[in-house]
Amino acid sequence: MQVREWDPAAAPAEGLKALLRAANLAVAADVPEDPPWRPDSFREYLSVTMPDERRVSWLALDGDDLLGYVSILLVGDVAVLELLVRPDVRRTGVGTALLGAAATRARAEGYGSIGVEVIGDTPAGDFFEAQGFRCAFVEMRNLLDLSTVDWTQLATMAESVGSGYRLEYHPGGPAESILDEYAKAKATMRLNPAYDLELRPSSYDSERLRASLATLHARGLKPYVVLAVHEPSGTVAGLTEVVVPAQRPTRADQYDTVVVQAHRGYGLGRALKARMLSELRAAEPQLLDVQTWNAVGAKAVTRINDELGFRPNREWREYEADVDEVLRRLGAPADQAP
Ligand SMILES: CC(C)(COP(=O)(O)OP(=O)(O)OC[C@H]1O[C@@H](n2cnc3c(N)ncnc32)[C@H](O)[C@@H]1OP(=O)(O)O)[C@@H](O)C(=O)NCCC(=O)NCCS
């Protein structure tokens, strides 16, 4: 077996096809309730990053046979890992070899820690614990099967907002005219200590938000936004964001839902999410379900998700480790001072 650095932006189509096949075998083995990946914009999904981020990728190969894949996204002060080994060759050291390549590069790039999102009830938890990672944060992934939604009741929920507020629907992302206000509302999430380690990208100023939207589009991820405007002040009181990936167009990802502290208690959270679902039904008729994540124990959002028909599905666990500790366990030589 050989671990080779791989550039998905320039790679021949066969490599991408083999990776897509391996990823779908892993989905079927580990998360059978999830839809398979499609080839649409798969290359862009793997290769495009935010302007200030970089992703480095490797393949594990046996001759031409693709056994596994790893990448690190170099962002902030954490290297965020994605790792995948084809189910029929697991427990033979492929994952360990790929992790070794990624951790060695992370150290060479000056990164002190590695983070990874692990799906609950899959072998990955045992793997990362065996490699010295610790679980830093647990979220619950919730799924809403759209065939179970009572659309009439949902329409009523979408209209139930306190007076002085209106909801706005922005397919493609928030309009340019509202970006500053939008970024301010998102920044309030930073004040919530229960929020996660931010392994998923979030954007808190209008310039970064603009870059983030461009990156989403370039990766084949179509954003949708519904926001609540506080009419007397013209400020953004709340927002919810969904992305429909070209690679998995039947499953929408509902990312952030935020209601600014001063505007809580007016039904905005529920109305935002309800309005989003009815817009998605019209805009993306192929959608079968929507997934969303919330911190375990986050009562308000859990209640809203429950009312809308979301059902808890699996834990999403964020693990982290010191790069040096990972390499030490792998028996890599100690870092050489430059
Ligand atoms: C996690 C994953 C990458 C591990 O790959 P792998 O090639 O099987 O891992 P290795 O053979 O190098 O395993 C190294 C050690 O991890 C532990 N481990 C791995 N899988 C395990 C399992 N199913 N149960 C218990 N321990 C396990 C063991 O200690 C193992 O050593 P051993 O086989 O000598 O006992 C693989 O299961 C996978 O692709 N999972 C799906 C994708 C995923 O969830 N990725 C992580 C998030 S991006």
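Trainee: In which loop is the place of R91?

Mentor: Start with how elements are named: helices (H or I, at least four residues) and strands (E, at least two) are DSSP runs, numbered from the N terminus. On that count, R91 sits in the loop between β4 (78-85) and α3 (94-108).

Trainee: What is the phi of R91?

Mentor: This is a predicted model, where local features need pLDDT of at least 70 and side-chain atom pairs count only at pLDDT 80 or more, while totals for chains, interfaces and linings use all residues. Residues are numbered from 1 along each chain as its sequence is written, and side-chain values use heavy atoms, with hydrogens and water left out. Most residues other than glycine have a negative phi. R91 is not a glycine, yet its phi is positive, near 60°.

Trainee: Does R91 count as buried or exposed?

Mentor: Exposed means over 50% relative accessible area, buried under 20%, and partly exposed in between (1.4 Å probe, protein chains only). R91 has 85% relative accessibility, so it counts as exposed.

Trainee: Which residues come nearest to the ligand?

Mentor: A residue is near a molecule or strand if one of its heavy atoms lies within 4 Å of it. There are 21 residues around the ligand. Those that come nearest are L83, V85, R91, G95 and T96.

Trainee: How far is a polar side-chain atom of T96 from an oxygen atom of the ligand?

Mentor: A polar contact is a pair of N or O atoms within 3.5 Å; within protein, one must be able to donate a hydrogen and the other to accept it, and residues adjacent in sequence count only if both atoms are side-chain atoms. For the side chain of T96, the distance is 2.5 Å.

Trainee: What share of the ligand's accessible area does the protein cover?

Mentor: Accessible areas come from the Shrake-Rupley method with a 1.4 Å probe; for residues, only the protein chains shown count as cover. On its own, the ligand has 930 Å² of accessible area. The protein covers 75%.

Trainee: How many residues of the shell are charged?

Mentor: Ala, Val, Leu, Ile, Met, Phe, Trp, Tyr, Cys and Pro count as nonpolar, Asp, Glu, Lys and Arg as charged, and the others, Gly among them, as polar. The shell has 10 nonpolar residues and five polar ones. The charged residues number six.

Trainee: α3 comes up again with helix α10. Which elements do the buried residues of α10 pack against?

Mentor: In α10 (residues 323-330), V323, V326 and L327 are buried. They fall within an arc of 95°, taken from the directions from the helix axis to the C-beta atoms, so they line one face of the helix. By contact (heavy atoms within 4.5 Å), that buried set packs against α3, β5 and β12 (311-322).

Trainee: Which residues on the other side of α6 are exposed?

Mentor: In α6 (residues 179-187), the buried residues are L179, Y182, A183, A185 and K186. Their arc is only 160° around the axis, which puts them on the same side of α6. They pack against α7 (206-218), β8 (221-230), β9 and β10. On the other side, the exposed residues are D180 and K184.

Trainee: How far apart in space are V56 and E5?

Mentor: V56 lies in strand β2 (residues 54-62) and is buried, at 6% relative accessible area. Beyond four places in sequence, V56 touches residues including E5, V70 and R105. V56 and E5 are 51 residues apart in sequence, but C-alpha to C-alpha they are 7.6 Å apart.

Trainee: Which backbone oxygen does the side chain of N142 reach?

Mentor: N142 is in strand β6 (residues 134-145). N142 is buried, with a relative accessible area of 5%. At 3.3 Å, its side chain reaches the backbone oxygen of M140.
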